[in-house]
Amino acid sequence: MERILILVAALAASLIIVIKSADLFVDNLVDLGSSLGISEVILGVTASAIGTSLPEFGSALIASLSGSTDIGVGCVIGSNIWNIAGILGISAVVAGVIETNTDGLKRDFSATILTGLVLLFFMFFGSIGKVAAVIMVVVYLIYLMRLINAQKAYSKDSSNERMKEPLDVKKIGLTVLGFTGLVIGCRILVYTGVELADIAGIPVMIMGLFTLAIGTSIPELVVTLSSAVKGLHELSIGTVLGSNTFNILIGIGVPAMINPVPVEPLSLSFDAPVMILVSVLLVLLIRQGGMKLRRSGGIILLAVYISYIVMRLFVLA
């Protein structure tokens with residue numbers, strides 16, 4: 001009982017660290033982006049997305065090195081479903097609306113859906129090996145090239161030149177401090193969450209799909225929610241979409257270069273298709289909302305996530 005109380009206390013403390021660190025990270029990252037003339041959406045799908053995805057990537061990599069690849073795959077797929085249906089759902093409900101634009105919809109949403117299909121295709125072979133891993137990493141590099149070209153086009157707009165300001169060393173330091181707090185806080189959060197799940201006797205694959213997936217996605221949640229509430233909609237939605245693309249292509253691709261990643265039948269027939277379907281649903285909700293994810297759309301996404309949990313834990317388990 002004493003150990004459980006300590007773990008719960010550590011869990012609560014880590015949540016406070018993560019929330020405060022995310023606030024510091026978002027505010028200063030946006031200021032730095034403006035100083036460099038980087039668009040909000042590009043900042044979201046690169047720096048913010050990759051930064052907040054490091055816990056998932058680290059979990060998948062460690063799982064691969066230790067031979068527990070089931071946890072890694074479950075963590076990535078579960079995290080991506082949670083990112084869209086859970087995180088964007090919660091953010092839209094709290095903020096009231098999250099806006100996007102046509103260019104972002106075409107480039108970043110298509111990338112998210114495409115990477116989901118790429119993963120599903122390779123899963124049909126029973127495991128994800130080195131050849132598939134190389135292809136996935138190359139696809140991510142191509143996506144990065146598209147982002148670089150988009151940023152170049154953005155920078156050519158003379159109206160954006162006046163946004164540039166001298167770099168503030170203090171803001172760089174605060175951004176790094178915020179990110180460091182995110183990493184440390186999330187590490188404590190994931191450790192305590194896994195320990196509590198282990199005490200409760202939760203199965204390994206379920207632990208990956210839910211406990212680790214949601215735990216390692218806490219940075220995306222607090223950054224996305226904080227951005228949405230502050231009106232930084234492009235940063236908010238860009239963080240989630242960029243994170244999902246990174247999670248699949250790098251979060252699974254790099255570990256698969258070390259050890260083949262086996263595919264659980266239920267992940268192939270249910271989890272991965274659900275991941276793709278919630279991505280498509282998000283696009284439909286945004287189009288229906290006039291390029292906005294409204295509160296009603298957020299409620300629908302949350303309802304879908306709850307339905308997924310019920311199906312996965314109680315019907316298909």
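Predicted model: local features only at pLDDT ≥ 70, side-chain atom pairs only at ≥ 80, totals over all residues.
Figure 1. One of its members, Phe314, sits in helix α13, which covers residues 295–315. Phe314 counts as exposed because its relative accessibility is 67%, and the cut-off for that label is over 50%.

**Figure 2. The salt-bridge network of Glu264, Asp271 and Arg312.** Helix α13 turns up again here, this time through Arg312. Salt bridges tie Glu264, Asp271 and Arg312 into a network. On one side, Arg312 pairs with Asp271, at 2.9 Å from N to O. That pair links distant parts of the chain, with Arg312 in helix α13 and Asp271 in helix α12, 41 residues apart. Glu264, at 28% relative accessibility, counts as partly exposed.

Figure 3. The structure holds three salt bridges, and here Arg107 forms one with Asp108. Their closest N and O atoms are 3.0 Å apart. Arg107 has a relative accessible area of 10%, so it is buried. Asp108 has 1% relative accessibility and therefore counts as buried as well.

**Figure 4. Leu119 and the largest nonpolar core.** Take a look inside: the largest nonpolar core has 73 residues. Those with the most contacts inside this core are Phe109, Leu119, Ile128, Met136, Leu282, Ile286 and Leu293. Helix α12 (residues 265–288) gives the most to the core, with 10 residues. Zooming in on Leu119, we find that it touches Ile77, Ile128, Met136, Ile248, Ile252 and Met275, leaving out residues up to four places away in sequence. In soluble globular proteins, nonpolar side chains tend to be buried together. For the protein chain as a whole, 52% of the 317 residues count as buried.

**Figure 5. Thr224 and its contacts.** Thr224 is part of helix α9, residues 218–229. With a relative accessible area of 0%, Thr224 is buried. Which residues does Thr224 touch, not counting residues up to four places away in sequence? They are Ile87, Leu88, Ser91, Ser236, Thr239 and Val240. The C-alpha atom of Thr224 is also separated by 9.2 Å from that of Ala22, even though the two residues are 202 residues apart along the chain.

**Figure 6. Ser21 in helix α1.** Ser21 is found in helix α1, which runs over residues 2–36. Its relative accessibility is 9%, so Ser21 counts as buried. The Ser21 side chain reaches the backbone oxygen of Ile17, at 2.7 Å. Setting aside neighbours within four places in sequence, Ser21 is in contact with Gly178, Gly181 and Leu182.

**Figure 7. Met291 and its backbone angle.** Here we are in the loop between α12 and β4 (292–294), where Met291 is found. Phi of Met291 is near 65°, a positive value in a residue other than glycine.

Terms used. Residues numbered from 1 in each chain as written. Heavy atoms only, no water. Helix = DSSP H or I, 4+ residues; strand = E, 2+ residues; numbered from the N terminus. Buried < 20%, exposed > 50% of the residue type's maximum accessible area, 1.4 Å probe, protein only. Contact = heavy atoms within 4.5 Å. Polar contact = N/O pair within 3.5 Å; in protein donor to acceptor, adjacent residues only side chain to side chain. Core = buried A, V, L, I, M, F, W, Y, C linked by side-chain atoms within 4.5 Å. Salt bridge = Lys/Arg side-chain N within 4 Å of Asp/Glu carboxyl O.
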